[in-house]
Amino acid sequence: MKAILHRIKSFLQSAGFKKYARRFSYFILGCIGFLLIACGALSVYFNQNKTEIVAKINTKINENINGKFHVGDFQYKFLIGFPNFTLALKDVELKDNQWQIHKHTLLKTNEIEVRLNVWSLLQKEINIRKILINDAQIYVYKAENGYSNANIFKPKKKKTPESESETETIINQVELNKVHFTLDNRVGQKLFDFDVTLLKSKVRYDGDNWQTDVFLDTQINSLAFNTVHGSFAKEKRLKGTLAVSYVSEKEKIDVKTENLKIGEDSFDIVAFFNVGKGNSLFGINIGTTILWQNASNLLSGNISSKLNRFDLKKPIDVNCDIKGDLNVEGDPKIVVQAIIKDNELHIPDGSITDCSFKGIFTNNFKPKAGFDDANSAVILTKFSGNYLNVPLKIPQLSINNLEKPLATGILSSDFDVNRLNEMSNDKWIQFSEGHATAHLKFQFDIVDLYINKPRFTGNASLINTSFHYIPKNIQAEKVNIQLDFTQEALLIKKIAYKHKKNTIFIEGKIDNFLNLYYDAPEKMVVNWKIYCPNIDVKQFLGIMASSKKQKVAKTTKKPTVSNQLRSVIEKCSVVIDIKADKINYNKLTAINTTATLQMLNSKLVIKNGSLQTSGGSVAFNTEISPSGKNFAFRSSAQVTRVDIASFLKSFNNFGVQSFSPDNIRGKLTSSARVTGFINSNGELITNSTHGDLTFNVSQGTLINFEPIMKVGKFAFPFRNVENITFSDLSGNFKLRGEQIDIHKLTISSSVLNMDAKGIYSFGRGTNIAMTIPLRNSKNDAQLATQAERDAVREKGIVLHLVAVDVDGKMKIKRGKKDK
């Protein structure tokens with residue numbers, strides 16, 4: 001290495017190297033001197049021929065335009081652009097002949113550099129090789145009548161054989177620095193506005209055809225194909241190199257670029273523009289991988305304002321195709337295609353995770369219906385994802401008419417129902433097990449980009465589903481449900497509901513379901529047919545309890561699907577035709593029960609009820625509604641020949657303490673209209689009943705009834721008052737809470753006959769007057785007719801007694817009822 005360095009040093013210090021270095025230095029100095037002499041000569045030439053050169057440039061330009069070309073001053077730039085002759089035109093303005101009408105100057109610039117071919121210039125010819133435009137404003141204007149200030153240039157004269165050999169003025173290079181360019185097309189309502197930081201173009205000519213690579217660095221102020229709707233890529237920086245070519249025969253410009261930067265994203269673009277007279281068709285195809293929000297912000301305001309309400313978390317592959325006519329009013333045809341894989345889609349109604357689909361947007365859904373929002377559509381195919389943790393599959397979803405969007409498609413889903421718990425933000429229902437499937441055709445409006453009033457036709461099913469309906473504390477286990485949605489009704493089939501010891505089989509129908517669900521849920525009537533092998537009524541009273549009122553938060557958020565469903569459940573009315581083999585209520589056991597039930601605003605109405613119990617039958621109509629912590633009831637009933645002891649036991653003897661059901665035997669026939677209260681446990685609240693009651697007991701027997709036995713001890717010591725049989729036991733009572741008005745009580749028995757009326761009180765205030773004939777009535781039952789029995793009823797001595805309340809105890813004394 002040291003040897004090599006020594007040899008190089010020796011060569012540089014040698015006489016031969018110094019001789020050649022000296023000669024080379026002379027050559028360089030000579031070139032520089034020649035350059036200075038040549039430039040000086042050109043400067044002298046310009047100064048001597050300035051008037052002639054300026055006149056020729058002015059003539060060259062003006063002979064090719066229909067307008068006015070004004071130059072403030074000309075300057076020669078020494079050494080700039082050598083070997084070309086560089087001429088600077090200062091304060092240049094170019095106006096068309098109709099400038100006074102529209103007031104738009106085609107070109108206004110502080111400086112234009114024109115580089116002329118020196119050899120052509122020496123031959124008195126003007127051959128422009130390069131134009132540099134600095135600090136300029138270019139405004140291309142096209143009026144509503146089709147006139148354009150860009151038509152300032154006169155058409156070229158056709159070549160003749162004599163002129164074919166003449167040298168033409170061509171421009172090889174164009175460069176723009178700090179140029180504000182505007183294309184204002186009033187015919188098509190289009191506005192393109194750019195602040196061009198730098199544009200460089202070197203043109204390669206092939207006859208009338210040419211090609212160039214254009215480097216462009218510009219700020220997009222407006223790229224509006226329809227000024228009503230706004231600009232594409234507004235306020236975005238555009239930077240890159242575009243391959244541009246022109247074919248004279250087709251009068252067409254083609255543009256192609258890769259990795260063109262618009263904002264922070266890269267795009268591949270292929271475009272064409274027809275520039276012939278009467279043909280201004282254009283097409284632009286853009287491909288990129290981009291984030292949703294970035295892509296949306298590149299579109300015009302009428303589109304981005306809608307798309308910005310959506311978002312995709314990961315970048316997506318997008319292709320946009322724009323085709324139109326620059327001279328036609330309105331939007332061009334726009335088709336956007338995107339492929340989404342394993343992404344997260346955010347929509348105004350929530351988020352869809354694990355989302356994949358192919359999406360297409362077009363503003364020309366019906367080919368001959370124009371390019372506007374009313375004819376725009378979004379089409380999604382092979383859509384899959386999880387919405388609120390529920391898996392969805394949609395083979396095709398179409399959203400038509402973006403002015404009044406309407407979405408249609410087919411949805412299928414298959415999932416475990418505990419995923420539905422994600423939908424209930426206020427936790428009003430919780431699923432613990434079960435499986436759901438659905439196959440539904442759907443249609444819904446989109447209002448302010450929210451899903452509104454979705455309508456379904458198809459079917460859905462729930463299998464072995466267990467849930468807790470929290471507002472009414474209903475626990476359901478192993479429920480099976482099949483739903484059929486039709487245009488006319490919702491059919492509810494094959495519901496098997498199990499709750500504790502109860503099993504219920506249900507089928508239902510809701511007419512006009514699709515309309516009433518959203519618009520008038522209070523008018524919705526759910527018709528149920530219910531069959532119960534066995535049911536405990538008390539366990540179901542909780543279903544009627546009022547839900548806890550939710551605090552209404554001051555918010556403008558749209559109600560969720562969960563809230564909508566809960567509202568419908570609470571507002572709709574229910575009509576139930578019920579049939580039960582066996583019903584239990586407290587100690588009452590009934591069989592062969594049928595009734596029609598209506599549930600409206602937490603009120604239960606039972607019509608045309610009938611059942612068999614205690615050896616007889618009961619027909620009834622009832623209303624039950626929540627009242628605070630209890631339930632108010634209103635009932636009318638017709639009891640026919642039920643076993644009185646068993647019947648009284650079923651209802652806890654209606655709260656009567658003075659005797660028990662074991663004191664009486666016989667068949668009861670009764671008619672009652674009663675109101676009262678039942679507590680939350682289903683027990684009758686003592687002393688709460690009001691109404692009218694009539695009854696008749698046949699084949700009656702009174703056993704060990706204490707009030708009668710007390711009378712018998714001193715009035716009938718020799719009669720059997722422990723076991724009294726009745727030929728007539730009937731009454732007419734009015735119930736008044738704690739007290740009962742006895743309008744009539746008739747007793748015809750084997751011991752005595754007695755008539756009573758007055759007030760019986762469950763608390764204080766009993767005052768009953770009794771009329772008791774003392775004759776022995778043992779054989780009265782053997783008389784043939786009622787008239788004969790009535791004739792002998794009050795013969796002999798008649799005893800008048802009163803049963804009164806004394807210090808909370810019933811006392812019997814002689815006399816008539818106190819008034």
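Two strands pair if DSSP finds at least two bridges between them. Helices (H or I, at least four residues) and strands (E, at least two) are DSSP runs, numbered from the N terminus.

The model on screen is predicted, so local features need pLDDT of at least 70 and side-chain atom pairs count only at pLDDT 80 or more, while totals for chains, interfaces and linings use all residues. Residues are numbered from 1 along each chain as its sequence is written, and side-chain values use heavy atoms, with hydrogens and water left out.

**Whole chain**

Start with everything selected. The protein has 11 helices and 37 strands. Of its 819 residues, 42% are buried; buried means under 20% relative accessible area, exposed over 50%, and partly exposed in between (1.4 Å probe, protein chains only). The accessible surface is about 45,100 Å², and carbon and sulfur atoms account for 55% of that. Accessible areas come from the Shrake-Rupley method with a 1.4 Å probe; for residues, only the protein chains shown count as cover. Taking contacts (heavy atoms within 4.5 Å) between residues at least 6 apart in sequence, 52% join residues at least 24 apart.

**Helix 1**

Select residues 2–12, which form helix 1 and include Ile8. Ile4, Leu5 and Ile8 make a nonpolar surface patch of about 290 Å². Patches are made of residues with over 30% relative accessible area and no salt bridge; like charges are joined within 9 Å, and nonpolar side chains (Val, Leu, Ile, Met, Phe, Trp, Tyr) within 5 Å. Ile8 itself is partly exposed, at 45% relative accessible area.

**Strands 2 and 3**

Next, show the side chains of Lys90 and Glu111, which form a salt bridge at 2.4 Å, N to O. This pair links distant parts of the chain: Lys90 is in strand 2 (residues 85–96) and Glu111 in strand 3 (residues 107–116), 21 residues apart. A salt bridge is a side-chain nitrogen of Lys or Arg within 4 Å of a carboxyl oxygen of Asp or Glu. Lys90 is partly exposed at 21% relative accessibility, whereas Glu111 is buried at 11%.

Move to residues 190–206 (strand 6) and 209–224 (strand 7), which run antiparallel and are joined by 15 bridges. Arg204 stands opposite Gln211 in strand 7. The hairpin of strand 6 and strand 7 has 2 residues between the strands, and Gly207 there takes a positive phi near 70 degrees. Thr218 has Leu238 in strand 8 as its bridge partner. In a regular strand the side chains alternate between the two faces of the sheet.

**Cysteines**

Select Cys320, which is buried at 9% relative accessibility, and then Cys355, buried at 0%. With a disulfide taken as a pair of cysteine sulfur atoms within 2.5 Å, the count is 0 disulfides.

Select Arg736 and Asp741, whose side chains meet in a salt bridge at 2.7 Å, N to O. Arg736 is partly exposed at 33% relative accessibility, and Asp741 is buried at 15%.

Finish with the salt bridge between Arg764 and Asp805, at 2.6 Å, N to O. Here too the pair links distant parts of the chain: Arg764 lies in the loop between strand 34 (753–761) and strand 35 (767–773), and Asp805 in strand 36 (residues 798–806), 41 residues apart.
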